[in-house]
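Hi everyone, thanks for coming. Let me put today's protein on the screen, and then we can walk through it together.

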Amino acid sequence: MPKPKRTPGLPTREQIMDFITSSEVPAGKREIARAFGLTAQDKIALKALLKDMADEGLIDSAPGRAFHQMGGLPKVTVLRIADVDDSGNVWAVPERWDSDAPAPRLRVRERKRGALGVGDRVLARTEEAGNGWIAHPMKQLARGEELILGVLHDEGGKLWLQGVEKKERREFQVSDAGGARPGDLVLAEKAGRPPRITARVTQILGDPFAPRSFSLIAIHKLGIPDVFSPETLEEAVRVAQTPLGAIKSAPSGAGDREDLRHLPIVAIDPADARDHDDAVWAAPDDDPANAGGWKAIVAIADVSFYVRPGSELDREARRRGNSVYFPDRVVPMLPEELSADMCSLKQDVDRAALVCHLQIATNGTLKGWHFTRAIVRIAANIAYEDAQAAIDGVIEHPLTDTALRPLWACWKALYAAREKRAPLDLDLPERRVVLDEKGRILSVAPRERLDAHKLIEDYMIAANVAAAKALEAKKAPVMYRVHEEPSREKLVALKDYLKTFGVEFAMGQVVRPATFNHILDKVGDADFRQQIMEQVLRTQTQAYYAPENHGHFGLALGSYGHFTSPIRRYADLIVHRALVGAYNLGPGGLTDGEAASMEKIGQSISMLERRAMEAERDTIDRYVAAFLSERVGQVVDARITGVTNFGFFATVEGIGGDGLMPVRDIGGEYFRYDEAGRKLIGDDSGTEYASGQRLQLRLAEANPVSGALRFEMVDGKGARPDRESRPGRVIKRRGRPANIRHQGRKR
């Protein structure tokens with residue numbers, strides 16, 4: 001490109017660079033022209049010169065058309081909060097960073113301490129100070145508001161973006177496709193101003209209908225970190241090579257770990273488990289003071305030895321908060337060198353463990369406990385189904401008599417104590433998506449719940465209680481798992497809901513978990529039992545992590561802390577570190593900084609847990625919709641799950657997935673919404689549609705991208721006369737159409 005002819009008043013490249021880097025305010029073309037006193041003719045030449053400098057990689061432009069040195073920070077830019085350290089210092093990184101050099105970390109000077117958390121976005125003024133950068137927040141921005149995850153489609157020769165959110169019915173015309181084609185799953189940012197809002201594609205993610213794409217949608221939609229930095233991976237490889245013989249259970253000279261390799265400790269997990277962080281053993285207690293009782297061991301992978309406070313591994317684990325599990329993949333909290341290898345309790349290999357030793361009375365109560373660091377050698381990794389089959393005598397297993405039967409006998413005592421405690425008992429089946437080796441869906445069905453599942457659950461609960469009580473006794477910090485009792489407002493809402501089914505619920509009583517169990521006993525096997533259980537679940541408060549104890553209402557326990565899954569939950573890692581410090585078990589204990597930041601850590605990991613739950617739930621919905629997309633047009637057995645003034649929601653029996661049956665399509669008559677009874681009533685026929693009702697519906701739409709379903713009545717009554725003649729839009733896969741029909745557009 002030819003250089004513009006220089007006029008006498010035009011500054012040189014060096015002068016412009018000096019001005020941009022030294023200016024106290026964002027330096028746009030107007031500011032540069034004013035600083036050098038340029039004429040109107042000079043401004044035309046300046047525009048060309050600035051374009052040349054950008055093409056040459058000398059400068060870049062920030063939002064608002066202000067310039068900054070390429071590879072540097074704009075004076076005013078959008079930052080994302082990346083970390084809050086143990087001292088309460090807030091650190092941020094640029095939301096957009098195009099340089100090959102590492103993005104700078106900026107220390108944020110908060111106006112109000114504690115106002116910003118990890119993941120928050122701010123518009124900030126940046127300032128270089130010494131060898132680092134300082135950020136002065138100007139305005140807090142909505143999280144991820146500018147990015148839309150969606151699928152492109154062509155209509156009338158124009159590209160449109162349809163978001164993947166179920167609730168997002170609007171579409172946006174694409175102003176810049178960035179090389180994406182119809183059918184691509186993309187990330188885009190909004191551009192323009194109302195009413196002319198368009199979308200600009202920023203990243204192409206690929207085919208939304210390909211295997212493994214459904215989890216990828218959730219990962220990108222919710223901003224889940226799924227790539228480890230080279231530094232983190234390097235550290236994982238290095239620490240994983242630590243020889244077991246070098247691991248001491250206490251400070252130098254205090255001796256080796258406890259050797260438990262002679263015990264037939266077993267890990268019982270799902271058949272498709274990707275990591276194994278807990279294992280169990282039990283035997284009759286030989287202590288005369290506990291005659292007829294049991295001694296048990298819950299061995300947990302000693303993650304605290306490998307992942308030390310302040311390390312790269314620790315920072316990344318804290319940033320993730322937990323592992324996220326999808327049908328086709330896991331996004332781990334720790335690199336696979338640890339999560340799937342050195343910290344996974346695999347059969348016939350020596351592993352480092354933090355062990356909870358339990359003494360259990362004949363009635364199932366905990367009489368005592370203590371914690372040690374140990375070396376274990378797991379006798380077997382057994383699937384739940386195989387362990388159950390061995391106990392039931394269906395199959396033979398070499399460890400049935402030596403390991404499994406003692407575990408079951410001890411568990412009967414734990415289970416008796418659980419029944420007496422009467423925790424909340426909601427039998428809500430978990431949906432299991434089964435994939436083939438290519439990621440294609442084979443089936444979607446409720447996951448079977450066996451006694452083997454309950455057994456492991458009760459051993460884990462016992463260890464979690466022991467961990468919390470042990471730390472309390474040592475007056476050490478505890479990261480509690482808190483589940484508070486329902487609020488009065490939620491109880492009033494439940495009372496009103498139950499009344500519509502003729503079930504009474506007295507206000508003013510002392511509410512315990514057993515209170516809700518009695519409600520379900522009254523309901524029995526009624527058609528609406530499932531709806532009652534779901535409403536009882538919605539009545540409960542959201543569990544969270546905190547250093548202050550408010551008990552665990554659902555489990556009917558006074559003290560409870562997660563201890564059993566440090567591979568996949570940062571909360572458990574914190575509890576491990578607290579136990580290591582409290583029992584003087586050697587390196588990797590809780591630091592003073594962590595102890596002082598427990599509340600902030602608890603808030604962060606609670607938020608990250610909710611993010612993971614949303615991602616997993618949304619992905620299952622997409623898999624269910626994809627599975628059902630092959631049945632669009634067929635009649636399915638359904639159950640009404642909710643009723644509103646605009647229609648009712650229903651789920652496909654035995655499979656799941658929620659879909660809308662619009663009121664306008666229910667029948668030819670007018671349907672009135674009875675708010676008190678939460679049902680729709682036909683004015684002419686008196687036909688009623690209420691929660692819990694089973695009926696047959698035609699599946700009209702199944703959208704794997706959003707996870708949404710839509711139903712039609714089997715007899716077709718109430719369909720608008722032009723429905724069949726009105727053309728629908730079809731989102732297409734590359735090469736062939738998907739079995740998804742969309743009706744209309746809201747603009």
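Helix H2 gives the largest share of the positive patch, 3 residues. Helices here (H or I, at least four residues) and strands (E, at least two) are DSSP runs, numbered from the N terminus. Before I go on, please keep in mind that this is a predicted model, where local features need pLDDT of at least 70, side-chain atom pairs count only at pLDDT 80 or more, and totals for chains, interfaces and linings use all residues. Residues are numbered from 1 along each chain as its sequence is written, and side-chain values use heavy atoms, with hydrogens and water left out.

Which residues form it? They are Lys29, Arg30, Arg34, Lys43 and Lys47. Two elements each give two or more residues to the positive patch: helix H2 (29-35) and helix H3 (40-55). A patch takes residues with over 30% relative accessible area and no salt bridge, joining like charges within 9 Å and nonpolar side chains (Val, Leu, Ile, Met, Phe, Trp, Tyr) within 5 Å. Lys and Arg count as positive, Asp and Glu as negative, and His and the chain ends are not counted. The place of a charge is NZ of Lys, CZ of Arg, CG of Asp or CD of Glu.

Take Arg34, which lies in helix H2. Arg34 counts as exposed because its relative accessibility is 58%. Our words here are buried (under 20% relative accessible area), exposed (over 50%) and partly exposed (in between), with a 1.4 Å probe and protein chains only.

There is a negative patch on the surface too, where Asp272, Glu385, Asp386 and Glu448 gather. Glu448 sits in the loop between strand E23 (441-446) and helix H11 (451-473), and at 56% relative accessibility Glu448 is exposed.

Now for charges that do pair up. Side chains of opposite charge can pair when their charged atoms come close. We call it a salt bridge when a side-chain nitrogen of Lys or Arg is within 4 Å of a carboxyl oxygen of Asp or Glu. By this rule there are 30 salt bridges.

One of them joins Asp401 and Arg405, at 3.1 Å from N to O. These two are 4 residues apart in helix H10 (residues 400-421), so about one helical turn separates them. Asp401 is exposed, at 57%, while Arg405 is partly exposed, at 42%.

Another joins Arg261 and Asp259, at 2.8 Å from N to O. Both belong to a network of salt bridges that links Asp259, Arg261, Asp350 and Arg377. Arg261 is partly exposed, with 32% relative accessibility, and Asp259 is partly exposed as well, at 39%.

Let's look inside. Which residues of helix H13 (residues 513-523) are buried? They are Pro513, Thr515, Phe516, Asn517, Ile519, Leu520 and Val523. Their cover includes helix H12 (488-499) and helix H14 (529-539). Just after H13, Gly524 takes a positive phi of about 65°.

Finally, the whole protein. It has 17 helices and 33 strands, and buried residues make up 50% of its 747 residues. Among contacts (heavy atoms within 4.5 Å) with a separation of 6 or more, 65% are between residues 24 or more positions apart.

Methods
Areas by Shrake-Rupley, 256 points an atom, 1.4 Å probe, with all protein chains shown as cover.
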